[in-house]
Structure formats: structure tokens, C-alpha cells
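Colleague: I'm new to this one. Can you walk me through it?
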Amino acid sequence: MSEPVAPVNLADKLSLFSELWSQKKVAVLNGYEVKLAKLKGEFVWHTHEDTDELFLVISGRLTIQLRGADVVLEPGELFVVPRGVEHCPMADEETAILLFEPTGTLNTGDAGGPMTKAAELLG
């Protein structure tokens, strides 16, 4: 049985939630999750030892702090944090992003703590 073919409208999906720092899964591709999130403030410093992490800014402005340098992303720009590189996302204004990473990747990587959340499926 084939699944229905329907595009994912990112603006529509983003309108369905307001919670910050909570990843919402909108698609799965070859064992990878495509996730949306809204960010504001500073996250936690963490590392993903086994996987790279792709950040794509949809709206707002995202700073990915790295030890020794910051990467600033505007809408339409993406950056891949290589596996094993410690980083800390930060947004001064509410920022909408798309993430692409292997299924089951924890948002806080090796840091754990109260901000750790599994990605939720967004209908």
C-alpha cells in the first residue's frame, strides 16, 4: 500500500506550536528526522559524538556558539555542526529553524539535563 503524497508546508507546521526549544518532527528520510523548532534565548553547551547536525534558519537569526568562534545564520542560511564539535545555539529574538539529524538524536547531545526532550511528531 502506498502512502498519500502531500507536501509539508513549513509555515503551516510552524503555526501549530509556540513552545520554545521543543523539536517537532515533520518528516522522516532514510533514518533521518526533519524537525522544526522555535528558539529564543540560550540553549546548553553540548556535543553529538556520533552525528553531524544541520541547522537551517527559516525566520529570525540564530547564533551557533562554538568554542573560539560564533556562526551567525540569517533566514535561508544553513550550517552543519560537525560531529564531536561542542556548540550552543542562541537566539536573541524568536527564531524558527529546521533541523536534520538521525532518528533518536537527543537535542542536548551528551549534556543531558532538564532541557532534554525527544522530538514530538507534529500532525
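Modeller: This is a predicted model. A place to start is tryptophan 21 and phenylalanine 43, which are both buried.

Colleague: How many aromatic pairs are there?

Modeller: The count is 2 aromatic pairs. In one of them, tryptophan 21 and phenylalanine 43 are stacked, at 4.8 Å centre to centre with 15° between the planes. Tryptophan 21 is in the loop between α1 (10–14) and β1 (24–29), and phenylalanine 43 is in the loop between β2 and β3, so the pair ties together parts 22 residues apart in sequence.

Colleague: What about tyrosine 32 and phenylalanine 100?

Modeller: Their ring centres are 5.0 Å apart and their planes are at 10°, so that pair is stacked. Tyrosine 32 belongs to strand β2 and phenylalanine 100 to strand β7, so parts 68 residues apart in sequence are tied together.

Colleague: Which residues does threonine 103 contact, leaving aside neighbours within four places in sequence?

Modeller: Gly31, Tyr32 and Glu33. Threonine 103 sits in the loop between β7 (87–102) and β8 (120–121).

Colleague: Different topic. Is histidine 48 buried or exposed?

Modeller: Histidine 48 is buried, with a relative accessible area of 6%. Its side chain makes a polar contact of 3.3 Å with that of histidine 46.

Colleague: And what lies over the face of tryptophan 45?

Modeller: Arginine 67, at 3.8 Å from the ring centre. Lysine 38 lies over the face of phenylalanine 17, at 5.0 Å from the ring centre.

Technical notes. Residues numbered from 1 in each chain as written. Predicted model: local features only at pLDDT ≥ 70, side-chain atom pairs only at ≥ 80, totals over all residues. Heavy atoms only, no water. Helix = DSSP H or I, 4+ residues; strand = E, 2+ residues; numbered from the N terminus. Contact = heavy atoms within 4.5 Å. Buried < 20%, exposed > 50% of the residue type's maximum accessible area, 1.4 Å probe, protein only. Polar contact = N/O pair within 3.5 Å; in protein donor to acceptor, adjacent residues only side chain to side chain. Phe/Tyr/Trp six-rings, centres within 6.5 Å; stacked < 30°, edge-to-face > 60°. Lys NZ or Arg CZ within 6 Å of the ring centre and 35° of its normal.
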